[in-house]
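Subject: Structure for you to look at

Hello,

Please find the structure below. My notes on it follow.

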Amino acid sequence: DMRFYTERCEAMRNFANKIWNASRFLKMNLTIDKCQLPDKLELEDKWILSKLNRVIPDITDNMDRYELGVAAQKIYDFIWDDYCDWYIELVKPRLFDKENPTGKTAQYVLTYVLSNTMKLLHPFMPFITEEIWQHLPHEGESIMISEWPEYDEKLIDKELENDMEEVLDIVVLGRACRNTANIKNRQPIGMMYVKAPEALSDFYIDIIEDELNVKKVEFTDDVAAFTAYSFK
């Protein structure tokens, strides 16, 4: 007897839709014809590449140990959370701004990461991964006989990962503030108070402002102001 849950089937259907929509979005904004990494990367590019190179050896080790469920969960979390929910959203302004010179860099990183995650996912979902991979810039006849992703230690940046995790936590809390105050995401906010343990660089502040549609972020040690979700 095997444990079977209809809810798991529905969840995997939603996951298939998620990666299919992500690949369609990339294809619609793709002007490159090679799958490679550029020399110059933006901070969010370095972040997603660090996360990818952290998960590659973990999944490889899990597969070698026949820990298939653990490996599948890790690639699921990376694709859904890091790649689709965060990285794609972070680089959208660069893709849509045709005058932005970093837009093409985003295309290369999006393609590189998606191609490698499809290889990691291929043992579990061979048909959709083959179809997506064939529509990306690639070399070879099939993803089935392509090289397994290799870990690159030079792309690991733990400090950057920690900083980004802090920023993304702030964004999540900010969205919760909006919901609490019944303020829709498309409605701009003049000021948001944020409690952070350390001052963040302008780049990270820009992410918070863009993702929360807020004109200015004010850092404060006043816990009451933060927990009260002050809006102006």
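Lys-51 lies in helix α2, which spans residues 43-64; helices are DSSP runs of H or I of at least four residues, strands runs of E of at least two, both numbered from the N terminus. This is a predicted model, in which local features need pLDDT of at least 70, side-chain atom pairs count only at pLDDT 80 or more, and totals for chains, interfaces and linings use all residues. Residues are numbered from 1 along each chain as its sequence is written, and side-chain values use heavy atoms, with hydrogens and water left out.

Lys-51 counts as buried because its relative accessibility is 18% (buried is under 20% relative accessible area, exposed over 50%, partly exposed in between; 1.4 Å probe, protein chains only). Leaving aside residues up to four places away in sequence, Lys-51 touches Phe-78, Asp-82, Glu-161 and Glu-165 (contact means heavy atoms within 4.5 Å).

In helix α7 (residues 202-212), the buried residues are Tyr-204, Ile-205, Ile-207, Ile-208, Glu-209 and Leu-212. Their cover includes α2, α3 (68-96), α6 (158-180), β1 (189-194) and β2 (214-219).

Helix α1 (residues 6-28) and α3 have axes that come within 11 Å and cross at roughly 25 degrees; axes are lines fitted to C-alpha atoms, for helices over the stretch in contact, with angles from 0 to 180 degrees between N-to-C directions. α1 is therefore roughly parallel to α3 (under 35 degrees; over 145 is roughly antiparallel, 65 to 115 roughly perpendicular, the rest oblique). Residues making the contact include Phe-15 and Ile-19 of α1 and Trp-80 and Ile-88 of α3.

Regards
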